[in-house]
Amino acid sequence: MNFWRRLAFLVLLLVLGMSLAANWLAPAGYRTQYREAAGAPPSRQHWLGTDEIGRDRLARVLYGTRISLLLAPAAALLSTFMAAFIGGLAGYLGGIWARGAMAITDLFLSLPWLFLLITVRALLPLNVSPLISVLVTFLLLGLLGWTSAARVLSASAGSFRDSDFVRQARASGIPGFRLFWIHVLPNLKPVLYAQFWISIPVFILSEANLGILGLGVAEPMPSWGSLLRELEGLVSVGEEPWKFVPLILLIIVVTSFQLLLSKEEGLPV
Amino acid sequence: MLGRTILRHGLAILVTALIGGFLSATLVRLAPGFDTDEAQLDSRLNGASIEALRQTRIQQNNIFRFYFHSLDRALHGDLGTSLSLQQPVSRLLGDRGPLTLKLVGIGLLLSWTAALALALSAASVQVAAYDIAVTIVTGTLLCLPAAVLALFSVLWNAPGAIAIALVIFPRDFRYTRNLLAKAYSAPHIVTARAKGLGELRILVWHVIPVLGPQLLAVAGVSVSLALGATIPVEALCGLAGVGQLAWQAALARDLPLLVNITILVTLLTLLANSTADVIGHMLRGHAA
């Protein structure tokens, strides 16, 4: 692991650690209102000031980071599982299965990502509880984000279909699905890891886009998307620089994931 | 061979339109509230009129019949009526389409001009500091959500097309730079340089013909990215285009409008990718 990847890993650990310690670092919580200090600048009591309805910004940033950093990997895990199952199995089976699965994948891939997300999000009720909105947003990302990974996995699994070890296993009578599960899937691990790490920053950015557009996590639950909506009211960049903290944190986290990814991309695929 | 490629792409677009249309009709048909019609609550209507309205809805219960009915209407230019705006979808798309196409066109032009200029200069200058600086700038842009770029364009009074260009530029630049780096390290280019051929001649005669089809493929993909970026850019910059319409339809859960927009955008994406593929095919044939 080179210096930059080590640094990225440490930064991610630090940010995750701080977000998990939100209960201690910001004991007031993300929804407590200080009405006498609404829209206040940074002070000893509120390090990053308060938002327009008097909620502590630091608390909201920490809790929002926790939500994005825990649920984006969960969504990435779900999409990787789906990609492994759909793409991997289609590639392994080959023939009409592979062609059918890839046709569906191509159909999904030809839909611009944000259009697909908002269309499916619009099918679901928008006026749900904050907790449900968090789950719906990240579940949607996980359920829709498998397509490009499925394509890569299908190609990789296809390359194993006629390999010697698979032929030998088939000749010794191992049933198809068991053969895929025990012999083919473990060989796809490097690709699965890479796809998992690629998906996390994509999902974090997608949630941020949905949140800014008002289609993501519902208030009062914080997320990076809803925190970035505050930038909408800014008149100039230098006016209230502390409002940029969520954006800077987002850039640091996504950059760290991309630096970590440079190692995963180097894995044999 | 070329004819077969065009036919294959044409078929792919047709099949996508038919399948996409069916899925969309299914979504619209199954959406909550489809079975109820606001007109049935109109106290001015008599029993026979309300019964007639109810019968019309019942006829649409069968998804396949509903799909073929929608397809027939679509072939005659009727894409249905927006639930939230109470206007024909085709008119809404016709009014807002030109602005979106203009935004996407200018955004793509700006992005590709900047990406090619920077990638070519990085490849020819080959100074580490320059490469690192460009990598940091494009890396930072890659970490910014499209909606944040749109907010910055509002903050700095920049045109929406620049925000779209900034969404596509880092991806275009990175692909182009990597392709150029690979092309310039090819043995025949190294030999050409060693023999003292001018940089411009190497670029025009040896690099561009090799990279042309690959760059076209990336250009096809960047159309999809640009169309996706129109949602946050138009919504946040207050531009009355198709992206803003899609956002408003999503907030109002106006499915007939939203699915029509999504199908249209999908077809545009497929058309762009197919065109890039066909031209790339022609270039490869010409080079061979």
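**Helix packing and contacts in a two-chain model**

Helices H8(B) and H9(B) cross in a right-handed manner, a crossing being right-handed if the near helix is turned clockwise from the far one by less than a right angle, and left-handed if anticlockwise. Both belong to a predicted model, in which local features need pLDDT of at least 70 and side-chain atom pairs count only at pLDDT 80 or more, while totals for chains, interfaces and linings use all residues. Residues are numbered from 1 along each chain as its sequence is written, and chains are lettered from A and ligands numbered from 1 in the order in which they are written.

In chain B, helix H8 covers residues 187-194 and helix H9 residues 199-237, and the two pack at an angle of about 160 degrees with their axes 11 Å apart. That angle makes H8(B) roughly antiparallel to H9(B), since angles under 35 degrees count as roughly parallel, over 145 as roughly antiparallel, 65 to 115 as roughly perpendicular and the rest as oblique. On the H8(B) side the contact is made by B:His188, B:Ile189, B:Ala192 and B:Arg193, and on the H9(B) side by B:Ile202, B:His206 and B:Val207; residues are in contact if their C-beta atoms, placed from the backbone, lie within 7 Å. Sorted by class, the contact of these two helices has 4 nonpolar, 2 polar and 1 charged residues. As for confidence, chain B averages a pLDDT of 85, and 93% of its residues score at least 70, on a scale from 0 to 100. The model as such scores ipTM 0.87 and pTM 0.87.

Chain A contains 12 helices and 0 strands, where helices (H or I, at least four residues) and strands (E, at least two) are DSSP runs. Its C-alpha trace spans about 75 × 45 × 30 Å along the principal axes. Among the contacts of chain A with a separation of 6 or more, 70% come from residues 24 or more positions apart.

Within this chain, helix H3 (residues 57-93) and helix H10 (residues 189-212) pack at an angle of about 130 degrees, with their axes 8 Å apart. H3(A) and H10(A) are therefore oblique to each other, and their crossing is right-handed. The residues that meet include A:Ser68, A:Ala72 and A:Leu77 from H3(A), and A:Leu192, A:Phe203 and A:Glu207 from H10(A). By class, this contact has 12 nonpolar, 5 polar and 1 charged residues.

A:Glu207, which lies in helix H10 of chain A, deserves a separate look. With 28 C-beta neighbours inside 10 Å, A:Glu207 counts as buried. Leaving aside residues up to four places away in sequence, A:Glu207 touches A:Ser68, A:Ala72, A:Thr137, A:Leu141, A:Gly216, A:Ser223, A:Trp224 and A:Gly225. By contrast, A:Phe177 is 30 residues from A:Glu207 in sequence and 35 Å from it in space, C-alpha to C-alpha.

The contact between the chains takes 30 residues from chain A and 34 residues from chain B. On the side of chain A that touches chain B, H5 (113-123), H10 and H12 (245-265) each supply at least two residues, and the largest share, 8 residues, comes from H5(A). By class, this side has 22 nonpolar, 6 polar and 2 charged residues.

Technical notes:
Axes are lines fitted to C-alpha atoms, for helices over the stretch in contact, and angles run from 0 to 180 degrees between N-to-C directions. Two residues are in contact if their C-beta atoms, placed from the backbone, lie within 7 Å. Ala, Val, Leu, Ile, Met, Phe, Trp, Tyr, Cys and Pro count as nonpolar, Asp, Glu, Lys and Arg as charged, and the others, Gly among them, as polar. pLDDT is the predictor's confidence in each residue, from 0 to 100. A residue is buried if 20 or more other C-beta atoms lie within 10 Å of its own, exposed if 12 or fewer, and partly exposed in between; C-beta atoms are placed from the backbone.
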